[in-house]
Amino acid sequence: MTATDTLAATPIALVGLGKIAIDQHHPSILKSGAFRLAATVSRNAGLKGIPAHRTLAALIATQPEVTAVALCTPPQVRHAMACEALEAGLDVMLEKPPGATIAEVEALIDLAAARGRVLFATWHSRFAAGVPAAKAWLAGRQILRGTITWREDVRRWHPGQRWIWQAGGLGVFDPGINALSILTEILPAPLRLTGAELEFPENQETPIAARLSYLTGAAPIAADFDFRQEGPQSWAMEFETDDGVLSLADGGATVSAGGQNLSQGEALGSEYDGLYARFARLIATRTSEVDLSPLKHVADAFMLGRRLTTDPFIE
């Protein structure tokens, strides 16, 4: 990045410095020519060489040059921070899920519009390399049935993250919503939940596993989400159509149909590189982007799901 690029880049602050911010947001900001990491906000963490604040109010008071924030805090506390940022005139990126409830995100949409700010609810899995090709391939075909297998090890991906087991933290739907974000992006017809079983550890407030039945048109879609996977992790989809089978693996990074690899590969960069490129375009055009469909499907699962109690979860 040249000195001119640095001056033109949008000064952005990372709010919340957990695993996702360190592993994904920070590297993508550093690679982006559209943003400059100007500050962080965290009660107990910081990044070397970057001005650090313990509260969003302190950031707003002392660094007026910052015009955008990426909120990477747990969803239970994100609404109040998003309101504070929008009221202060900042453009806001929301890590997924965009909030703990649908109503609170709808309120943010209204507030952003009223204040003339950009609000971007991110779904990083939609930026996986194979997703555009999968969407294009399915568009011209009739889906007969589909299966979704989204199984991962919570101890590996969410170590010590108590919030994920507390009300509003979504439990297994934190990764499961990634699958739902891909589904709602690539399916040519709307998705509708018809049944669900949710397994709750007896000592936790959110589910550790879910089995879901959907319809898209007349085609059944069966989904299996589980936080207890050991060994190889499974983030896969398969759709049988009237013209062959489409298979998605590695969370959307690879997609094939009829023995042909349809993925666009590493040329696209990481999923979070794509998020920041999209955020930059939204800021340039002063346009918000908030698709609530994945979160609505999670809400439907909690409304319709039959609760099953399973063994306690001990980290």
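Is Glu240 buried, partly exposed or exposed, and what is its relative accessibility? In this predicted model, Glu240 counts as partly exposed, at a relative accessibility of 33%. Its salt-bridge partner is Arg145, with the closest N and O atoms 2.8 Å apart, and because Arg145 lies in strand β7 and Glu240 in strand β11, the pair ties together parts that are 95 residues apart in sequence. Arg145 is likewise partly exposed, with a relative accessible area of 43%.

Both strands belong to an open sheet of nine strands with mixed pairing, in the order β14-β13-β12-β11-β7-β10-β9-β8-β15. At the edges stand β14 (260-261) and β15 (306-310), each with a single partner strand, so one side of each has no neighbour in the sheet. Within the sheet, β7 (residues 143-151) pairs with β10 (residues 219-226) in the parallel sense over six bridges, and the bridge partner of Arg151 in β10 is Asp226. Helix α8 (residues 173-186) packs on the sheet, where β7 and β10 are among the strands it touches, and its direction makes about 155 degrees with that of β7.

Asp226, buried with a relative accessible area of 4%, also meets the side chain of Arg228 in a salt bridge (2.9 Å, N to O). Arg228 forms a further salt bridge with Glu199 (3.2 Å, N to O), a pair that links Arg228, in the loop between β10 and β11, to Glu199 in strand β8, 29 residues apart. Glu199 is buried, at 12% relative accessible area, whereas Arg228 counts as partly exposed at 37%. These residues belong to a network of salt bridges whose members include Arg151, Asp226, Arg228 and Glu199.

Key:
Residues are numbered from 1 along each chain as its sequence is written. This is a predicted model: local features need pLDDT of at least 70, side-chain atom pairs count only at pLDDT 80 or more; totals for chains, interfaces and linings use all residues. Side-chain values use heavy atoms; hydrogens and water are left out. Two strands pair if DSSP finds at least two bridges between them. Helices (H or I, at least four residues) and strands (E, at least two) are DSSP runs, numbered from the N terminus. Contact means heavy atoms within 4.5 Å. Axes are lines fitted to C-alpha atoms, for helices over the stretch in contact, and angles run from 0 to 180 degrees between N-to-C directions. A salt bridge is a side-chain nitrogen of Lys or Arg within 4 Å of a carboxyl oxygen of Asp or Glu. Buried means under 20% relative accessible area, exposed over 50%, partly exposed in between (1.4 Å probe, protein chains only).
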